[in-house]
Amino acid sequence: MEKVKAKKQYGQNFLKDTTILDKIIQSMPNNNNYVVEIGPGLGDLTKNLVKYKDMTAYEVDTDLIGILKSKFAIEIEEGRLKLIHTDVLEAWDKQKTLHDGKYDLIANLPYYIATNIILRAFEDRACENIIVMVQKEVAEKFTAKVNNKEFSSLGIITDLMSIDARILFDVPPESFDPPPKVISSILYIKKDMNKFLDKDFNKFLKACFVQPRKKLSKNLTSVLDKNSISRMYEELNVDDNVRPHEVSSSLYSQMHTRVKNGRN
Ligand SMILES: C[S@@+](CC[C@H](N)C(=O)[O-])C[C@H]1O[C@@H](n2cnc3c(N)ncnc32)[C@H](O)[C@@H]1O
């Protein structure tokens, strides 16, 4: 193995378990989509992905870029792999999408920005499937259902914006070098390509969950006055004592539409 010291600040935990790498490849959707990988690291997952699909990989670490360029010289030369040296969040800020045509995001994500990356993938209209390794806890938040204590803005967005969302399997710390402190999971999300994530909706949900164990009506006071909340609750038939995790995604969507249109 290359003598590379993993950098904590970039969330580097290299996946070494070939059984898990095979299982990720088997989970790839059977379609003609392009593939985007975020954080190819030492290229173990990249090596497997590029056998099947043309792809682009975004890597922030200069030292790794050097290694990847020589490891994948042939694939780069043949145009099967595009290696982009940048912070992927900056790339998204600049160009709104990570690829011009439809693509699937397949990656072992840096955990310090995993949630942010998944939300950006929801906003990116070219991204259709998301198959990513994240902390198990994060995967559970994205797949949580109403009334589950973990149900929050992430579960609501997933519920409203996707056709399918589930945890495919868990991955123990020993599968990585160095091992992370947490259990990981492969999260699979198939987006509904007819739905688009409105940034304001995300902001509204954040306000609704600012104090997740308090009554929703209390959290709503940061976006609506008390009379408007009462009126909205009455019209939408919402119980005054309800807590944020007890309200369905579609009800949140209706509430947001009202707040946005000033109909309250
Ligand atoms: C968990 S490691 C995964 C490495 C490799 N894909 C694997 O499975 O072994 C996360 C990777 O994301 C890269 N990374 C961290 N922050 C990044 C960012 N903002 N933009 C692009 N890549 C980033 C790290 O340098 C590292 O290579």
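The tour goes from the annotated domain to the ligand, then to the strands and a helix.

**Before you start.** Residues are numbered from 1 along each chain as its sequence is written. This is a predicted model, in which local features need pLDDT of at least 70 and side-chain atom pairs count only at pLDDT 80 or more, while totals for chains, interfaces and linings use all residues.

Stop 1: Select residues 20–193, where an unreviewed UniProt entry places the feature "domain: Ribosomal RNA adenine methylase transferase N-terminal". UniProt positions are given in the numbering used here, feature names are shortened, and annotations may be inferred rather than shown by experiment. Over this stretch the chain is 36% helix and 29% strand, and the end C-alpha atoms are 29 Å apart. Helices (H or I, at least four residues) and strands (E, at least two) are DSSP runs, numbered from the N terminus.

**Stop 2: the ligand.** Which residues are closest to the ligand? They are Leu 15, Gly 39, Gly 41, Asn 108 and Pro 110, out of 24 residues that surround the ligand; a residue is near a molecule if its C-beta atom, placed from the backbone, lies within 6 Å of it. The elements giving two or more residues to this shell are β1 (14–15), α2 (44–49), β3 (55–59) and α5 (88–95). By type, the shell has 14 nonpolar, 6 polar and 4 charged residues. Here Ala, Val, Leu, Ile, Met, Phe, Trp, Tyr, Cys and Pro count as nonpolar, Asp, Glu, Lys and Arg as charged, and the others, Gly among them, as polar.

**Stop 3: annotated positions.** Under "binding site", UniProt (unreviewed entry) lists Asn 13, Leu 15, Gly 39, Glu 59, Asp 87 and Asn 108. Select Gly 39, in the loop between β2 (34–38) and α2. Is Gly 39 buried or exposed? Gly 39 is buried, because 22 other C-beta atoms lie within 10 Å. The cut-offs are 20 or more such atoms for buried, 12 or fewer for exposed, and in between for partly exposed, with C-beta atoms placed from the backbone. Beyond its neighbours within four places in sequence, Gly 39 is in contact with Glu 59, Ala 107, Asn 108, Leu 109 and Pro 110; contact means C-beta atoms, placed from the backbone, within 7 Å.

Move to Asp 87, in the loop between β4 (81–85) and α5. Asp 87 is partly exposed, with 13 other C-beta atoms within 10 Å.

**Stop 4: the strands.** Select β6 (residues 127–135), where 7 of the 9 residues are buried, so this strand is largely enclosed by the rest of the structure. Strand β5 (residues 103–108) runs parallel to β6 and is joined to it by 6 bridges; strands pair if DSSP finds at least two bridges between them. Leu 105 stands opposite Ile 130 in β6.

Now show β9 (184–191). β9 pairs with β6 in the antiparallel sense over 7 bridges, and Val 134 has Ser 185 in β9 as its bridge partner. β7 and β9 are also antiparallel, over 8 bridges; there, Arg 166 is the bridge partner of Tyr 188 in β9.

**Stop 5: helix α8.** Select residues 153–161, the helix α8, which is mostly covered, with 8 of its 9 residues buried. Those buried residues pack against α6 (114–123), α7 (136–143), β7 (162–171), β9, α9 (199–208) and α12 (249–261).

Definitions and conventions. Two residues are in contact if their C-beta atoms, placed from the backbone, lie within 7 Å.
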